[in-house]
Amino acid sequence: MSETRHNWTKEEVLDIYNKPLMELLYEAATVHRKRHDPNVVQVSTLLSIKTGGCSEDCGYCPQAARYHTDIEGNDLMNVQQVKAQALRAKEGGSSRVCMGAAWRNVKDGEEFDQVLEMVRTINKLDMEVCCTLGMLTENQAKRLAEAGLYAYNHNLDSSEEYYKEVISTRGYQDRLDTIDNVRKTNVTVCSGGIIGMGERLEDRAGMLVALSTLNPQPESTPINALVAVEGTPLEDQKPVSIWDMVRMVATTRIVMPETQVRLSAGRTQMTREGQAMCFFAGANSIFAGDKLLTTPNPDVNEDMEMFALLGLEPQKPFTKKVQPQTVEAKDSEFESLGEKPKWTRPEHTIERNEAAKERAKIIKQ
Ligand code: SF4
């Protein structure tokens, strides 16, 4: 088996992406079969534990408070609500629960303590637990690890160059620093991005270079197709074609042979044939449940029908790595430090974000 490379260049990645499709599919499927069981797909359930009202300006996100979307905001869910949803996800065939909070960064205090309790509770249900909570300090990463967190999601979204066209309230380096903080623990890293935001092919390749040159590479890489939501700056973007999605999945599989490649947002726009082609090209994870945070997703029964049709099986929990031990809050060796790290605020102007903000002000008046 060839070594995993950490020195991909943008040119090499673009050459792979642009190969004749049949050659690309064959190569990706070959890599996939060497490293993974092609009939096993990991199923995660994404749960929005705190929705809306976010201070950031991510141009694709309906949860940013500054834009005008129909999202109903919710305070942080309680532990029992989360447990009930996790049990439902488990019954539906999910091996992982990913909890998302619309926060810029984690703040020490009651709400974070509540999230730590959610992590303990779900790990005790023998499910893999993932969180996506924004930027994170090393101490916060260690506290999550101690609670039993299996994975932390923090997407790079796009290339460093194009990131500046989508988000002005934080910098690319903040993302990399958070991933670095997660790497100081035994929590696995989930990091990927979104295509269809108006980026060039060079930006897709740039994102894959940024991810694949991390050492170790992320254990999981979500590939999202933009769901253009009315009211956001990216509302007028055209849907991503299935061919772009297949090429992106296949290229990700080739440059990151071990990673679990996740078909994420945008699956409702894909036919079963399209999804089958993505699985053939190396995708081996999906998000289940009728909502992906706030955007639509195929429901669980539809997915299980698709699995039966394609002869796929859901992956069992802790197949790739042993279950972490949960340390109870009273036995914790880490305390809340009340840190206030200075994450970047570049605040450059992105015209379409500014325009969406102005439209929202008029609508809200
Ligand atoms: S993507 Fe996350 S950080 Fe960005 S606006 Fe949405 S909830 Fe906030």
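Modeller: Start with burial. Buried means under 20% relative accessible area, and exposed means over 50%. Keep in mind that this is a predicted model.

Colleague: Is Ser264 buried or exposed?

Modeller: Ser264 has a relative accessible area of 2%, so it is buried. It sits in the loop between strand S8 (260–263) and helix H10 (272–280). A polar atom of the Ser264 side chain lies 3.3 Å from the backbone oxygen of Arg262.

Colleague: And is Gln80 buried or exposed?

Modeller: Gln80 has 55% relative accessibility, so it counts as exposed. Gln80 belongs to helix H3 (residues 79–91).

Colleague: Next, rings. How many aromatic pairs does the structure hold?

Modeller: It holds 2 aromatic pairs. Planes over 60 degrees apart count as edge-to-face. The rings of Tyr150 and Phe318 have planes at 65° and centres 5.7 Å apart, so this pair is edge-to-face.

Colleague: Where in the chain are Tyr150 and Phe318?

Modeller: In distant parts, 168 residues apart. Tyr150 is in the loop between helix H5 (138–147) and strand S4 (151–153). Phe318 is in the loop between strand S12 (313–314) and helix H12 (351–364). Both Tyr150 and Phe318 are buried.

Colleague: Why is the pair of Tyr163 and Tyr172 edge-to-face?

Modeller: Their planes are at 75°, with ring centres 5.2 Å apart, so the pair is edge-to-face. Tyr163 and Tyr172 are both buried.

Colleague: Which residue lies over the face of Tyr150?

Modeller: Lys321 does, at 4.9 Å from the ring centre. Phe287 has a charge over its face as well: Arg262 lies there, at 5.9 Å from the ring centre.

Colleague: Last topic, helices. How are two packed helices described?

Modeller: By the angle between their axes and the distance between the axes. Take helix H1 (residues 10–17) and helix H8 (residues 201–212). They pack at an angle of about 115°, with axes 9 Å apart. H1 passes H8 in a right-handed crossing.

Colleague: Which residues in H1 meet H8?

Modeller: Lys10, Val13, Leu14 and Tyr17. On the H8 side, they meet Leu201, Glu202, Arg204, Ala205, Gly206, Leu208 and Val209.

Technical notes
Residues are numbered from 1 along each chain as its sequence is written. This is a predicted model: local features need pLDDT of at least 70, side-chain atom pairs count only at pLDDT 80 or more; totals for chains, interfaces and linings use all residues. Side-chain values use heavy atoms; hydrogens and water are left out. Rings of Phe, Tyr and Trp (its six-membered ring) pair if their centres lie within 6.5 Å; planes under 30 degrees apart count as stacked, over 60 as edge-to-face and the rest as tilted. Helices (H or I, at least four residues) and strands (E, at least two) are DSSP runs, numbered from the N terminus. Buried means under 20% relative accessible area, exposed over 50%, partly exposed in between (1.4 Å probe, protein chains only). A charge sits over a ring if NZ of Lys or CZ of Arg is within 6 Å of the ring centre and within 35 degrees of the ring normal. A polar contact is a pair of N or O atoms within 3.5 Å; within protein, one must be able to donate a hydrogen and the other to accept it, and residues adjacent in sequence count only if both atoms are side-chain atoms. Axes are lines fitted to C-alpha atoms, for helices over the stretch in contact, and angles run from 0 to 180 degrees between N-to-C directions. A crossing is left-handed if the near helix is turned anticlockwise from the far one by less than a right angle, and right-handed if clockwise. Contact means heavy atoms within 4.5 Å.
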